[in-house]
Amino acid sequence: MEKLQKNLVELNPIIAKVEVTKVYPNRLNLNLKTVKPIVAIKVADEYILLAVNGRILQKLKVKPSALTEVFYYQQLFKEQIKIGELLGYKDLQIAIRFVDILSSFGYKVKRVDINSFYMIRLELEDSREILVTTEKDIQKQEYQVGAILRQFKVDGTNFKRIDVRYDKPVMTK
């Protein structure tokens, strides 16, 4: 059973988890947990769609409008991209994580600019932006962004930019 579960997950990138139970005498029940793409990155003439964990789910010629587009400073080559594999670049993983965090707060990230290994810019639908970095502890940045957004929601405060790359976050209203 474990081998079947492992094979199903490896062969089907949209499957995150499988539970297989045998129903005697000759049936199997499959309980699947699937993942959806959260971001799209342009590679040559197509888009690759990535899950929250950075796993490559699909390649498409046209980017689905609902997905956040990531502009990456390094050129990725089509030949490197294989469906089902993890795209393990640290800066890309952090960007995807923040897209997910911001969506949990009700914000839609329109685009992500990864201008260098250290600079990640998340642009929201209404042109507000959040800046994060790979050089600072990720949990600390997550906490700071979360705390600021929660406080702004309570106060009804609007912001133009939140920058948590430094020891003390910088907010522009």
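Guide: Let's begin with a term: helices (DSSP H or I, at least four residues) and strands (E, at least two) are DSSP runs, numbered from the N terminus. The model is predicted, so to speak of a local feature we need pLDDT of at least 70, and side-chain atom pairs count only at pLDDT 80 or more, while totals for chains, interfaces and linings use all residues. Residues are numbered from 1 along each chain as its sequence is written, and side-chain values use heavy atoms, with hydrogens and water left out.

The part I have picked is strand β9, residues 129–132. First, its setting. The protein contains three helices and eleven strands, and from the N terminus they follow one another as α-β-β-β-β-β-β-α-β-β-β-α-β-β. Along the principal axes, the C-alpha atoms fill a box of roughly 65 × 40 × 30 Å.

Nine of the strands make an open sheet of mixed pairing, in the order β5-β4-β3-β6-β7-β8-β9-β10-β11. Its edge strands are β5 (56–60) and β11 (170–172), each of which pairs on one side only. On average, neighbouring strands in this sheet are turned by 20° against each other, direction ignored. For angles like this one, axes are lines fitted to C-alpha atoms (for helices, over the stretch in contact), and values run from 0 to 180 degrees between N-to-C directions. As for pairing, two strands count as paired if DSSP finds at least two bridges between them. In general, strands of a sheet pair through backbone hydrogen bonds, either parallel or antiparallel.

In that order β9 sits between β8 and β10. With β8 (residues 120–124), β9 pairs in the antiparallel sense over four bridges; in one of them, valine 132 is the partner of isoleucine 120. The two strands form a hairpin with four residues between them. Serine 127 lies in that loop and takes a positive phi of about 70°, although it is not a glycine. At a relative accessible area of 47%, serine 127 is partly exposed; the scale calls a residue buried under 20%, exposed over 50% and partly exposed in between, with a 1.4 Å probe and protein chains only.

Which residues of β9 are buried on each face? Glu129 and Leu131 on one side, and Ile130 and Val132 on the other, are all buried, so that both faces are covered in the sense of that under-20% cut-off. Across the whole protein, buried residues make up 40% of the 173 residues.

Helix α2 (residues 90–104) lies across β3 (39–43), β4 (46–50), β6 (68–72), β7 (109–114), β8 and β9, at about 25° to β8. Helix α3 (residues 138–155) lies across β9, β10 (161–163) and β11, at about 150° to β10.

Contact means heavy atoms within 4.5 Å. Setting aside neighbours within four places in sequence, glutamine 141 is in contact with Phe98, Val132, Thr133, Lys136 and Val164. Val132 is one of the buried residues of β9. The C-alpha atoms of glutamine 141 and arginine 165, which are 24 residues apart along the chain, are separated by 7.7 Å. For the protein as a whole, 45% of contacts between residues at least 6 apart in sequence join residues at least 24 apart.

β4 and β5 run antiparallel and are joined by four bridges, with isoleucine 48 opposite lysine 59 in β5. Five residues lie between these strands, and there glycine 54 takes a positive phi near 90°. Alanine 44, in the loop between β3 and β4, also has a positive phi, near 60°, and is exposed at a relative accessible area of 52%.
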